[in-house]
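The sequence and the structure are shown first, and the description follows.

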Amino acid sequence: MDILRIATAGSVDDGKSTLIGRLLYETNSITKDKIEALESASKRKGLNFLDLSLLTDGLIAEREQGITIDVANIYFSTPTRKYIIADTPGHIEYTRNMVTGASNAKVSLILVDARQGIVEQTARHLSIASLLRIPKVIICVNKMDLVQYEESKFNEIQHKLSELVSKTTFKGQTVSYLPISSLFGQNITKKALDMPWFNGNTLLGELETFEFAETLAQAPARFPVQFVVRPMTEAYHDYRGYAGKISSGTFKVGDEIRVLPTGQTSTIATIEKFENSLEQAIAGESIVMTLSNDIDISRGNSIVLASETDLPSLKDFSAHVCWLDHQALSPGKTYLLQHGIHVTKAKITQITERLDVTQQTSTTEVGQLNLNEIGKISLRTAQAISADKYAENPSNGSFILIDEFSNSTVGVGFVD
Amino acid sequence: MSIKMSAIHDKIGQFPRELEDESIYIMREVAAQFERPALLFSGGKDSITLVRLAQKAFFPGKIPFPLVHIDTGHNFPETIEFRDWLAKETGAELIVRYVQDSIDQGKAKEESGKYASRNVLQTVTLLDTIEEFKFDACIGGARRDEEKARAKERIFSVRDDFGQWDAKRQRPELFDMLNGRISVGENVRVFPISNWTELDVWNYIKEEKMEIPSIYFAHQRQVIQRDGMLWADSEHLNKEADEIPFETTVRFRTVGDMTCTAAVSSHAVDIDVIIEEILSAEISERGARIDDKRSEAAMEKRKQQGYF
C-alpha cells in the first residue's frame, strides 16, 4: 500500500477546511463520537448543518478567529492507498507554512472561489507548487452552488487559470480543473448531479488514479550516512555498519561506491534491514550498509556510485530561497546550512533577485529578503555539500538555513 | 457503511512500509543530534512500537538511550509486568520515576471527586525526571491522528524550561530535514510515529508479530458503567454508591491509567479481530480517554503546560 501526500492551499474563506472535512466524511473516516462532537459544536454556532470545517481547525486561536493558522496533518485511507493531507493556511503572512506543508507533497490541491475567480493567492500557490516541483496540481473551483452550477462560469475561470498555469508549469507537471461544491458534496467523492455537463473525474477519482512513477528509484544514487553502527560486542566485534535513508536511486550488493567528500572508494558488502539481508535497496528505504574494507566514514558523508563522473559537490553556488523568519535575510550574514543531515556554515554573498510570484516577474539589486519572500541568492559554504540541482533531483537538492543564535529554521533553499 | 465493510478485508495486514523507514530515520537523528535522549515508555501499544523501531534502527547494536517510565501508581499490573519483560528482552536500560514521590514531596496534589486521576500530575514527575537526568530529547509515541491539537505537532517539538509548547513558535519542518538545535534549558519532544494512524500501529504489530500486554485482548474483568462507558474497577477508582461492579468480557483500546481509560465490550482474542473491530468501530480511540473529554481544548491546554 503506498502513501500519497497532498498539500492543500487556498485563500481565506474559500472553503478548504470544509473540503477536507467533506473528503473525510464521505470516505467514512470520521467516527461516530467525532460526528457527535461536530453536531454539538455546529449547534452551538447556531448552524443547522454540519460544519465540516470544524474537523480540522484545531487550535484554540483558530476557533476564535475562524481561520487556519498552522499546518495540520490529516489522515485517511481507501482500499487503494493511504493519504496524508497537509492543510496549509491561505493567509499571505503564512506562506512559510504553505511551503512547509507542500515540501513533501506529490499533489497540490488549490481552491478557487467560483464567485471570485483567480485571486493573488492563486498565482502564489501555483508558483510555489512549481518551485517545489510538485508533479500534480488539482485546481478545484469551489462553491459552484453559489453560481448556480453554471458551466459558463466554470469555463470562464478555467480559461483564465490555464493562461496563468502556462506561465508557471514545468515539463512533467500535470494540471487538472474540477468544478466542485464542498458544502453540498458535489464532485468530491460522488459525481455532481447538479453539474451533468462535467465529464471529468471526481476529486477522489483524480487522487486514486494518480500514478506517481517511481522516478526516484531511477535518479542518481545518493546515500547520506546518518549514524555509524558499532556494537562492539562479542558477536559483532569488528562490525561497522553505515545507517541511513537512501535519498535517491538504487544501491545493490557488489556496487562500487565512492564516499564524498573524501573520495575514498569501496564495494558494498551487505545491505541490511534489521535481521534481513537484501540484494538491493531503493530511495526512501532506511538501511544499514557494510563495505568490503575499512575506510573512514562519518555522519554527514555521502555515498554515491563510483561509476559516476559528475559528482555532486558544491561550495560556491546559487539557489532559490523562501524566507521563513521575521528577521530578514541580509547579504554578508553567516548561517548554518543543513543539507539532508549534513550541517556546515554558509555565508550569503549576494541576493541577486526577488521574485514576485503573483506577477511572475523579478527585481534585481535586492537589499534583503523578508518573511515569506522568495528570491535567488549566491552562497558559499565552509565544507562542500553533496547536493544536486533541485530541478534534476529534488530529494537531494534542498537545504534549510538555521540561525546560529536563535537555532530557528529561518529559510529553505533549492539548489539552482 | 458499505465502503467501510468491504474495505476491511482489503486493509487488513497492509502496513505502508514507508512509515517504518521514516520512523527509523527519525530514531537515528535523535541518537545523532542529541547528547542525552530518552524514550518515554508508557507500556501502551504506541510506545511498544517505538521500542521496536529503536531496536531496528540500531541493530545489531543496542538501543543507545534509556526507556523512561513515569509510574502513576495507577497503572494496570499487566502493563508493569510487560514493561519489565520488554526491558529485559531488548537489553535496554529502564528508568522508573513515581508520581507518588512528587505527591509526597508536595509538588503535586492528588485530585478528588469521581473523575480523580493522576494523568495531569504525571507532568510534574516527568519534568523533574527530565531535569534529574538532563535529558535533551524525549521520544514519545503521540500520533497526529489522535486529536486535533496533535495534528499540528512537529516531529521535533521544542519545549522551553517549563516543558511548555508554543503553537505559534513552532519551527517549520521541511522535507525530511530535522533541526534539533536547542539552547541551554530547552529540550525537544520527538514523535517518530507522528504520521501513523491507529490502524497502521495495529497492522505493524501484526506484521512484526510483536508481543503486547494482555489487556489489549478480550478478558473477564470487574467493571462499572459510567457515562455510557465501561470502567475497570480498582482501589484507585472513586465510585459512587450506585456504581455497582459487575463482571463482563472487555478489552482496552488504549492503555493509560486505570482511572482514565475506559474498556470496550469485546470478544477479540486475536489481533485480526482487533483490527476488524477498529475498522468498524463507532468511537475513536481518544474518545475512550476521559482526560480529553473535560473540554474541547483539553489536549492543547495540557500540552502548553508540558504534557507530552
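## Two crossing helices in chain B

In chain B, the axes of helix α2 (residues 17-33) and helix α3 come within 9 Å and cross at roughly 75 degrees. An angle of 65 to 115 degrees counts as roughly perpendicular, and α2(B) and α3(B) are therefore roughly perpendicular to each other. On the side of α2(B), the contact is made by B:Glu20, B:Ser23, B:Ile24, B:Met27 and B:Arg28. On the side of α3(B), B:Leu53, B:Ala54, B:Lys56 and B:Ala57 take part. By class, this contact of α2(B) with α3(B) has 5 nonpolar, 1 polar and 3 charged residues. In general, two packed helices are described by the angle between their axes and the distance between the axes.

The structure is a predicted model. Chain B as a whole has 10 helices and 10 strands. Of its 308 residues, 52% count as buried. Among contacts in chain B between residues at least 6 apart in sequence, 77% join residues at least 24 apart.

## Nonpolar cores

In soluble globular proteins, nonpolar side chains tend to be buried together. In this model, the largest nonpolar core has 170 residues. The members that touch the most other members are A:Ala102, A:Ile139, A:Cys140, A:Val141, B:Leu39, B:Ala54 and B:Val190. The largest share of this core, 7 residues, comes from helix α3 (residues 45-58) of chain B. A second, separate core has 15 residues, including B:Phe76, B:Ile215, B:Tyr216 and B:Phe252.

What does B:Val190 touch, not counting residues up to four places away in sequence? The residues concerned are B:Ile26, B:Val30, B:Ala137, B:Cys138, B:Ile139, B:Gly140, B:Ile155 and B:Phe156.

## The contact between the chains

The contact between the chains takes 51 residues from chain A and 47 residues from chain B. On the side of chain A that touches chain B, strand β2 (residues 72-77) of chain A gives the most, with 5 residues. By class, that side of chain A has 22 nonpolar, 18 polar and 11 charged residues.

The domain assignment of chain A gives domain 1 (2-213), domain 2 (217-305) and domain 3 (314-415). Taken over C-alpha atoms, the centres of domain 1 of chain A and domain 2 of chain A are separated by 40 Å.

A:Met289 is found in strand β15 (residues 286-291) of chain A. With 25 other C-beta atoms within 10 Å, A:Met289 is buried. Not counting residues up to four places away in sequence, A:Met289 touches A:Phe223, A:Gly241, A:Tyr242, A:Ile268 and A:Ile271.

A:Leu337 has its place in strand β18 (residues 334-339) of chain A. A:Leu337 is buried, with 26 other C-beta atoms within 10 Å. Its contacts, not counting residues up to four places away in sequence, are with A:Thr344, A:Ala346, A:Thr381, A:Phe399 and A:Leu401.

| Pair | Separation in sequence | C-alpha to C-alpha |
|---|---|---|
| A:Leu337 and A:Gly413 | 76 residues | 9.4 Å |
| A:Met289 and A:Gln359 | 70 residues | 48 Å |

## Backbone features

Most residues other than glycine have a negative phi, and most peptide bonds are trans. A:Pro261 is in the loop between β11 (256-260) and β12 (265-273) of chain A. In chain B, a cis peptide bond joins B:Phe59 and B:Pro60, with omega about 0 degrees. B:Pro60 lies in the loop between α3 and β2 (67-71) of chain B.

A:Arg133, although not a glycine, has a positive phi of about 55 degrees. This residue is found in the loop between α5 (120-131) and β5 (136-142) of chain A. A:Arg133 is partly exposed, with 16 other C-beta atoms within 10 Å.

A:Met232 is a residue other than glycine with a positive phi, near 50 degrees. The place of A:Met232 is in the loop between β8 (227-229) and β9 (241-245) of chain A. Is A:Met232 buried or exposed? With 10 other C-beta atoms within 10 Å, A:Met232 is exposed.

Methods: Residues numbered from 1 in each chain as written. Chains lettered and ligands numbered in written order. Predicted model: local features only at pLDDT ≥ 70, side-chain atom pairs only at ≥ 80, totals over all residues. Contact = placed C-beta atoms within 7 Å. Helix = DSSP H or I, 4+ residues; strand = E, 2+ residues; numbered from the N terminus. Nonpolar A, V, L, I, M, F, W, Y, C, P; charged D, E, K, R; others polar. Buried ≥ 20, exposed ≤ 12 C-beta atoms within 10 Å, placed from the backbone. Core = buried A, V, L, I, M, F, W, Y, C linked by C-beta atoms within 7 Å. Axes fitted to C-alpha atoms, helices over the stretch in contact; angles between N-to-C directions. Parallel < 35°, antiparallel > 145°, perpendicular 65-115°, else oblique. Domains from an automatic or database assignment.
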